[in-house]
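This briefing is intended for a reader who is meeting the structure for the first time. Please keep the sequence and the model in view while reading.

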Amino acid sequence: MIVKTILSLLVLNSASFLLYCSAEIDESMKAVAKMIHDQCVDDSGVDPAVMDRIFSTKTMEPDEKFKCYLMCGLQQISAMDDDGNVDSEVFIGTMPEEFKSYAMEVVKKCSDVGGTSPCDKAYNMNVCAQKVDPNKYVFI
């Protein structure tokens with residue numbers, strides 16, 4: 001459950017990683033998040049400068065490789081299939097208790113936002129999730 005929780009937080013907050021972690025995230029969770037982050041950076045080929053810019057401005061950018069980075073994170077927790085469809089039960093089920101109501105609202109408002117590709121769908125879902133509650137969508 002700890003692994004799925006940190007992966008879920010990584011997905012919800014996947015524009016950057018672990019620079020300003022919550023004190024509640026222990027070292028093992030940080031290690032898992034870093035592993036997923038590194039894998040998704042490698043898989044997507046996203047430019048670290050793009051990641052840094054998104055993290056510092058807290059503003060999503062429609063960079064194609066960044067979109068695929070977001071998709072990778074969702075797929076790592078099995079919350080998105082290869083066609084970009086969100087598995088709502090998995091997405092909500094992997095969230096820590098304090099994020100459940102937020103996750104349900106994200107699914108309700110954002111799981112069917114659409115897109116031209118699975119990467120685009122993941123990006124659109126994250127943009128929507130940030131709009132649902134900017135205070136809960138934080139970059140870690």
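The points below concern disulfides, the nonpolar core and aromatic rings.

The model is predicted. A search of the whole structure finds three disulfides and one aromatic pair. The largest nonpolar core has 36 residues.

**Disulfides**

- Cys40 and Cys72 are joined by a disulfide, with an S to S distance of 2.1 Å. This pair links distant parts of the chain, since Cys40 is in helix 2 and Cys72 is in helix 4, 32 residues apart.
- The link of Cys40 and Cys72 is left-handed, with -75 degrees about the S-S bond. Cys40 counts as buried because its relative accessibility is 1%, and Cys72 counts as buried because its value is 7%; the cut-off for buried is under 20%.
- The sulfur atoms of Cys68 and Cys119 are 2.0 Å apart and form a disulfide. Cys68 lies in helix 4 and Cys119 in helix 7, so this pair ties together parts that are 51 residues apart in sequence.
- The link of Cys68 and Cys119 is right-handed, with 105 degrees about the S-S bond. Cys68 counts as partly exposed, at 24% relative accessibility, whereas Cys119 counts as buried, at 9%.
- A disulfide also joins Cys110 to Cys128, with an S to S distance of 2.0 Å. Cys110 lies in helix 6 and Cys128 in helix 7, so the pair ties together parts that are 18 residues apart in sequence.
- The link of Cys110 and Cys128 is left-handed, at -75 degrees about the S-S bond, and both cysteines are buried.
- When the bonded cysteines are numbered in sequence order, the pairing is 1-3, 2-5, 4-6.

**Nonpolar core**

- Within the largest nonpolar core, the residues that touch the most other members are Val46, Phe66, Tyr69, Leu74, Phe91, Val106 and Met125.
- Two or more residues of this core come from each of helix 2 (27-44), helix 3 (48-57), helix 4, helix 5 (88-93), helix 6 (100-110) and helix 7 (118-132). Helix 7 gives the most, with seven residues.
- Leaving aside residues up to four places away in sequence, Met125 touches Leu74, Val86, Phe91, Val106, Cys110 and Val113.

**Aromatic rings**

- Phe66 and Tyr69 form a stacked aromatic pair, 6.2 Å centre to centre, with 15 degrees between the planes.
- Both Phe66 and Tyr69 lie in helix 4 (residues 64-76), three residues apart, or about one turn of the helix. Both residues are buried.
- Lys67 lies over the face of Tyr123, at 5.1 Å from the ring centre.

Conventions:
Residues are numbered from 1 along each chain as its sequence is written. This is a predicted model: local features need pLDDT of at least 70, side-chain atom pairs count only at pLDDT 80 or more; totals for chains, interfaces and linings use all residues. Side-chain values use heavy atoms; hydrogens and water are left out. Rings of Phe, Tyr and Trp (its six-membered ring) pair if their centres lie within 6.5 Å; planes under 30 degrees apart count as stacked, over 60 as edge-to-face and the rest as tilted. Helices (H or I, at least four residues) and strands (E, at least two) are DSSP runs, numbered from the N terminus. Buried means under 20% relative accessible area, exposed over 50%, partly exposed in between (1.4 Å probe, protein chains only). A charge sits over a ring if NZ of Lys or CZ of Arg is within 6 Å of the ring centre and within 35 degrees of the ring normal. A nonpolar core is a set of buried Ala, Val, Leu, Ile, Met, Phe, Trp, Tyr and Cys residues joined through side-chain atoms within 4.5 Å. Contact means heavy atoms within 4.5 Å. A disulfide is a pair of cysteine sulfur atoms within 2.5 Å.
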